[in-house]
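Please have the structure open while reading.

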Amino acid sequence: MEKILVLDFGGQYNQLIARRVRELGVYAEIAAYDRVSPGEIQSAGYRGVIFTGGPNSVYDPAAPRCDAEVLKLGIPILGICYGAQLLAFLEGGAVSKAEAGSEYGKTTLRSRPHLLFQDVPESSTCWMSHTDYISTLPEGWQALADTEKCPCAALGCDAKKHYGVQFHPEVTHTEYGRQILRNFLFSVCGCKGDWSALDYADRIIADYRERLSGKRVLLALSGGVDSSVAALLLHKAIGQNLVCVFVDHGLLRKGEADFVEQTFQNRFGVRLIRVNARERFLQKLAGVRDPEQKRKIIGETFIRVFEEQAKNLGQIHALAQGTIYPDVIESGKGDSAMIKSHHNVGGLPEVISFEQIVEPLRELFKDEVRQVGTMLGLPKELVWRQPFPGPGLAVRIIGEITKERVNALQEADAIFREVIDAARLPEGPNQYFAVLTDTHTVGVMGDARTYGLTVALRAVSTDDFMTAEWTRLPYDVLARASSRITNEVPGISRVVYDISSKPPATVEWE
Ligand code: XMP
């Protein structure tokens, strides 16, 4: 299979670059600039290497630099932003810092006729984000495009098949970015485009069918998209030898536990054990108000319940997990592996020993996981499920967790979601939910004074959940949600809307 290496120098778009390449039908892997040697790059047989952007200046003593031998491998290279500057610098060109030369945002690009700009008009819009610029070309290189402030917005050396672009072809604001990447992959690197997530899924199914033949595999199913798709893939491969354990901790959204059970057991015939551990979780959480304490208790109780189930099942050979590619990529920023920390309830393997860990989605991005889920017939509600914290509603109930408070929040949350879904907003929020606060306020009902709880509604718009804007929901949508919640959920006398963005707030309240 053809492969492209995305060499990461700490840029914020490294994963986006790899996704774009894969969208064009070529498999892309990401590696931190200092974790892969020239020899490894050569022997892996990459068709091309893409240097990502990065926050540094090439002259910083701390600037990330790859081994210059990479440039001598005879493999085509495309440098993007910092990657282009590094490439030019390593080849003997010069990079300058000029405040006047810095460009941010949409900029007009004027390109010359060249393979890299095939089917790109002479003038187009590109997305820039740089302070330094390439001021002197390396010997034997030519400028391929410019902008008003940047004489070398694209440059290259055809003899070496090394190219650089100062702008970001991977972002959608660059009108012809996709075409430029396509030109690099197909015209420069000679790729044919033999990758698709669906073929990959077929291969994984066939491979597991053989490798796991006669073996029993256990999977903790949460109902999230990753564990759901992992379950379906493995079910296709090994059928009833896959056992899914679904721990119902009672802190899921209204109707969700039943929906997961129905989908997997009744519709797909997956062997599923739904463990009703609701009382057990409630007892453990009784009187606990501290969010971190809640998370810890839920994580630990989850492991205990899972462990008991595993023991009851007798011999299990492998544990399956829904790990996806972004969970295992090591970033080029110098920090260690980007592993979800508190965002993962299932830190399971250490407590029970398994011969093998099976991770069928380890090489896929989230959008590819969704594609595979859709192909396998997973219902839309699960494929497009919003992120939902592992500790569930426990971190959306401020203060103590009781059965009554869980019920009240489930009802309020279901109403809010129903109202938003019914509104069919063109630019809907990416995550929306209700929070039960511990603030009592005065209300009136008929002639009587009430003293009920306050529900907060939260809706955010975001690409990556690292930063998020509060969504400007239409007033009538908010009005409908508020009126229905106060009328239909006993004990709630007030509804407020959270207008905080992240940062400084977080998406969840706890
Ligand atoms: P925050 O609140 O950190 O949330 O801005 C960012 C995203 O992560 C989700 N989240 C969690 N997911 N366990 C999880 O699995 C957790 O403890 C947890 N806390 C937050 C949150 O819903 C949002 O999508």
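The sulfur of Cys 126 has its closest cysteine sulfur in Cys 150, at 8.5 Å, which is too far for a bond. A disulfide requires the two sulfur atoms to be within 2.5 Å. The model is a predicted one, and a search of the whole structure finds zero disulfides in it. Cys 126 is buried, with a relative accessible area of 0%. Cys 244 is buried too, and its relative accessible area is 0%.

**Salt bridges**

The structure contains 33 salt bridges.

| Pair | Distance |
|---|---|
| Arg 19 and Asp 367 | 3.2 Å |
| Asp 34 and Arg 35 | 3.9 Å |
| Arg 362 and Glu 359 | 2.6 Å |

In the salt bridge between Arg 19 and Asp 367, the closest N and O atoms are 3.2 Å apart. Arg 19 belongs to helix 1 (residues 14-23) and Asp 367 to helix 11 (residues 366-375), so this pair ties together parts that are 348 residues apart in sequence. Arg 19 is partly exposed, at 29% relative accessible area, and Asp 367 is partly exposed at 30%.

Asp 34 and Arg 35 meet through their side chains. Asp 34 is partly exposed, with a relative accessible area of 45%, and Arg 35 is partly exposed as well, with 36%.

In the pair of Arg 362 and Glu 359, joined by a salt bridge, Arg 362 is partly exposed at 37% relative accessible area. Glu 359, with 19% relative accessibility, counts as buried, because the limit is under 20%. Elsewhere, salt bridges with shared partners link Asp 248, Asp 258, Glu 261, Arg 274 and Arg 278 into one network.

**The ligand**

Which residues come nearest to the ligand? Of the 13 residues around it, these are Arg 295, Gln 431, Lys 502, Val 507 and Glu 508. The shell around the ligand is made up of five nonpolar, five polar and three charged residues.

An N or O atom in the side chain of Lys 502 is 2.6 Å from a ligand oxygen. For Val 507, a polar backbone atom is 2.8 Å from an oxygen atom of the ligand. Glu 508 places a polar side-chain atom 2.5 Å from an oxygen atom of the ligand. Taken alone, the ligand exposes 490 Å², and the protein buries 89% of that area.

Technical notes. Residues numbered from 1 in each chain as written. Predicted model: local features only at pLDDT ≥ 70, side-chain atom pairs only at ≥ 80, totals over all residues. Heavy atoms only, no water. Near = heavy atom within 4 Å. Polar contact = N/O pair within 3.5 Å; in protein donor to acceptor, adjacent residues only side chain to side chain. Areas by Shrake-Rupley, 256 points an atom, 1.4 Å probe, with all protein chains shown as cover. Nonpolar A, V, L, I, M, F, W, Y, C, P; charged D, E, K, R; others polar. Buried < 20%, exposed > 50% of the residue type's maximum accessible area, 1.4 Å probe, protein only. Salt bridge = Lys/Arg side-chain N within 4 Å of Asp/Glu carboxyl O. Helix = DSSP H or I, 4+ residues; strand = E, 2+ residues; numbered from the N terminus.
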